[in-house]
Amino acid sequence: MKKPMISHHVASATSGLRHVFVRDLDLMALIGIYAHEKTDPQRIIVNIDLSVQEGEGPQDDDIGHVVSYEIVVKKVEQIIAGGHINLVETLCEKIAAACLRDKRVVAARVRVEKPDIIKNARSVGVEIERQR
């Protein structure tokens with residue numbers, strides 16, 4: 001029997017990791033390979049889970065000492081505002097790369113779903129995990 005794989009990016013006191021996440025961010029985006037997808041925005045759902053290395057000592061209850069989920073959302077909105085993207089895979093990679101620019105982020109799991117594409121499926125999409 002194969003042992004389950006345990007992620008090295010699990011939030012814990014011993015590893016000094018916390019998770020910062022954005023769940024079910026609902027946005028309109030120009031994404032897809034078909035002509036109508038290049039001109040008509042469609043709904044996407046974005047989920048992000050970041051493994052963040054905690055700093056030393058007390059955090060002083062100061063937003064400047066943490067990875068802000070508000071800034072993560074703004075990064076996603078900026079990427080989408082940049083214009084049409086052909087592939088969901090490309091959007092995932094751009095989001096992960098933007099999150100990993102913050103040196104405190106050691107891993108990024110990004111899922112992008114297109115909920116209105118396949119009639120009899122709740123959603124379709126791609127999930128990636130990238131690490132430093």
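Glu70 and Lys74 lie four residues apart in helix α2, which means that about one helical turn separates them; their side chains meet in a salt bridge with 3.7 Å from N to O. A salt bridge here is a side-chain nitrogen of Lys or Arg within 4 Å of a carboxyl oxygen of Asp or Glu, while helices (H or I, at least four residues) and strands (E, at least two) are DSSP runs, numbered from the N terminus. Lys74 counts as partly exposed because its relative accessibility is 44%, where buried means under 20% relative accessible area, exposed over 50%, and partly exposed in between (1.4 Å probe, protein chains only).

This is a predicted model, in which local features need pLDDT of at least 70 and side-chain atom pairs count only at pLDDT 80 or more, whereas totals for chains, interfaces and linings use all residues. Residues are numbered from 1 along each chain as its sequence is written, and side-chain values use heavy atoms, with hydrogens and water left out.

**Salt bridges**

Side chains of opposite charge can pair when their charged atoms come close.

| Pair | Closest N to O distance |
|---|---|
| Arg43 and Asp26 | 2.8 Å |
| Lys114 and Glu37 | 3.1 Å |

Arg43 forms a salt bridge with Asp26, and this pair links distant parts of the chain, since Arg43 belongs to strand β2 and Asp26 to strand β1, 17 residues apart. Arg43 is partly exposed, with a relative accessible area of 29%, and Asp26 is likewise partly exposed, at 42%. Lys114 forms a salt bridge with Glu37, and this pair also links distant parts of the chain, with Lys114 in strand β3 and Glu37 in helix α1, 77 residues apart. Both Lys114 and Glu37 are buried. Arg109, Arg111, Glu127 and Glu129, in turn, are linked in a network of salt bridges.

**Overall fold and core**

The protein has three helices and four strands, and from the N terminus on its elements run β-α-β-α-α-β-β. Of its 132 residues, 37% are buried.

Helix α3 (residues 88-100) has 13 residues and reaches 18 Å from its first C-alpha to its last, close to the 18 Å expected at 1.5 Å a residue, a span found as 1.5 Å times one less than the number of residues. Its buried residues, including Leu91, Cys92 and Ile95, pack against β2 (42-53), α2 (69-81), β3 (105-114) and β4 (124-131).

The largest nonpolar core has 32 residues, of which Ile44, Ile48, Leu50, Leu91, Ile95 and Val112 touch the most other members; such a core is a set of buried Ala, Val, Leu, Ile, Met, Phe, Trp, Tyr and Cys residues joined through side-chain atoms within 4.5 Å. Helix α3 gives the most to this core, with eight residues. Leaving aside neighbours within four places in sequence, Ile95 is in contact (heavy atoms within 4.5 Å) with Val46, Ile48, Val76, Ile79, Val110 and Val112.

**Single residues**

Ile71 is found in helix α2 and counts as partly exposed, at 48% relative accessibility. Although Ile71 and Cys99 are 28 residues apart in sequence, their C-alpha atoms are 9.4 Å apart in space. Asp24, placed in strand β1, has a phi near 55°, a positive value in a residue other than glycine.
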